[in-house]
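Here is a short report for a first look at this structure. Take the sequence and the 3D view together as you read.

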Amino acid sequence: MSDAPIIIIGTGLAGYNLAREFRKVDDKTGLVLITQDDGAFYSKPMLSNALAKQKAPDDLPMGDATKMQNDLNARIITRQQVSSIDTQNQQVALDNGEQLGFSKLVLAVGANPFQFPMEGDATGDVLTVNNLDDYRAFRTKLEGKKSVAIIGPGLIGCEFANDLAANDYQVNVIGPDEAPISTLLPTAAGQALQAALTALGVNWHLQKTVSAINNSDSGYELTLSDGQTIQADVVLSAIGLRANIALAKAAGLECNRGIVVDRHLKTSADNVYALGDCAEVSGLVLPFVMPLMQSARALAATLSGKLTQVSYPAMPVMIKTPALATVVSPPEQAAQGEWQIEKTEQGVKALYLQDESLLGFVLMGDAVSEKPVLTKRLPAVLA
Ligand SMILES: Cc1cc2nc3c(=O)[nH]c(=O)nc-3n(C[C@H](O)[C@H](O)[C@H](O)COP(=O)(O)OP(=O)(O)OC[C@H]3O[C@@H](n4cnc5c(N)ncnc54)[C@H](O)[C@@H]3O)c2cc1C
């Protein structure tokens, strides 16, 4: 199989950044990328602030598959799903029946939106946005409409709430949490964000879930767990994402919350690797851009013959809610410290401390300016 190309499944930020990093160190080895989408190269984080940036979906790609094919000196197979992987014979099978051999295989297959079971005759109309095609459908559905119900007050739900409310949509956000973005923010910080988004016009239905969605004369009627009803023209679900492990699992690769890989991004099979939203690296599933960029650089070196471990520095995430600028670096799950929260003049500074050591922070409003200094005090995520 030594003449066979390296195959990357997926042309999201993980797949394309890996290909770009690889081409910096190896311009000869055959490279094939396979994607079930159209292979456009775009920055997914822009999907939740494109309205504010006055970008239409077609403005977002930085290159189509043809441009990427030329830039990367690679074959890019678009709108084809990899249906199975044979790790023994080092082959992948495509939906169209084609079989391709690989010398090394990389799974960069991302994550899938999680769906919550709901009753009603309109559950099939609930939208999710996890790629450009989804976003096109969302923007088409928004045309001429006024109100959007967002299910899920997490990071992505809040970013969309800000983007939509700032563009004059009536926004209702529904979710079981006590305050927004409860997986990353302590309650007081979440409440500060809630207040800022409320000032922008966002309505909240927290500590409630959606039990049913039905068609109504004016659009959709959502019935909440306490019996209250909400009308909306468009319903967006932003409940969360789960690593896409189905293909890897069917191929016999070890999977847990993600496709299990070691610090070399290697799966349980030889010559098969994974990175990005689909990967669980040393027990960590981190569905953000910075970890996948670190992984892409390390894996590119490994694929070119220089075995390289991935390291993660502290990687604060900017939450794109201009109503209240927010940056968060959450402590690791097993941390035993406590939040120390201070309201600043126009913001919030929350430090997660354990025995005087800073293990995480949330900075909001004017406190965001302290990000560079505080980031230096944080431990590496993977040293
Ligand atoms: C709205 C939104 C806003 C975000 N904002 C931020 C932010 O501000 N900061 C931040 O750090 N992160 C943000 N994120 C997360 C970040 O965008 C992701 O971590 C990152 O884009 C994941 O890239 P990926 O390549 O791993 O996965 P994906 O982009 O999901 O790519 C997966 C690829 O695999 C392909 N694929 C899957 N299965 C198959 C198959 N069987 N056969 C062929 N192809 C297949 C897909 O077609 C796709 O090309 C945001 C995410 C969303 C949804």
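Two strands pair if DSSP finds at least two bridges between them. Helices (H or I, at least four residues) and strands (E, at least two) are DSSP runs, numbered from the N terminus. Residues are numbered from 1 along each chain as its sequence is written. The model is predicted: local features need pLDDT of at least 70 and side-chain atom pairs count only at pLDDT 80 or more, while totals for chains, interfaces and linings use all residues.

**A three-stranded sheet**

D86 stands opposite Q91 in β5. β4 and β5 (residues 91-94) pair in the antiparallel sense over four bridges. They belong to an open sheet of three strands, in the order β4-β5-β6, with antiparallel pairing. β4 (82-86) and β6 (99-101) stand at the edges with a single partner strand each, so one side of each has no neighbour in the sheet. Neighbouring strands here are turned by 20 degrees against each other on average, direction ignored; the axes are lines fitted to C-alpha atoms.

**Helix α5**

Helix α5 covers residues 187-199. Its 13 residues reach 18 Å from first C-alpha to last, close to the 18 Å expected at 1.5 Å a residue. That expected span is 1.5 Å times one less than the number of residues. Which residues of α5 are buried? They are A189, G190, A192, L193, Q194, A196 and L197. Buried means that 20 or more other C-beta atoms, placed from the backbone, lie within 10 Å of the residue's own. Contact means C-beta atoms within 7 Å. The elements that cover the buried residues of α5 include these:

| Element | Residues |
|---|---|
| α4 | 155-165 |
| β11 | 203-206 |
| β21 | 326-329 |
| β22 | 338-344 |
| β23 | 347-354 |
| β24 | 357-365 |

After α5 comes G201, whose phi is positive, near 115 degrees.

**V328 in β21**

V328 lies in strand β21. V328 is buried, with 20 other C-beta atoms within 10 Å. Leaving out residues up to four places away in sequence, V328 touches L184, L185, P316, V317, I319 and V362. V328 and M364 are 36 residues apart in sequence, and their C-alpha atoms are 8.7 Å apart in space.

**Around the ligand**

There are 35 residues around the ligand, and G10, G12, A14, G110 and G276 come nearest. Here a residue is near if its C-beta atom, placed from the backbone, lies within 6 Å. α1 (13-25) and α7 (289-303) are the elements that give two or more residues to this shell. By class, the shell has 19 nonpolar, 12 polar and four charged residues. Ala, Val, Leu, Ile, Met, Phe, Trp, Tyr, Cys and Pro count as nonpolar, Asp, Glu, Lys and Arg as charged, and the others, Gly among them, as polar.

Technical notes:
Buried ≥ 20, exposed ≤ 12 C-beta atoms within 10 Å, placed from the backbone. Contact = placed C-beta atoms within 7 Å. Axes fitted to C-alpha atoms, helices over the stretch in contact; angles between N-to-C directions.
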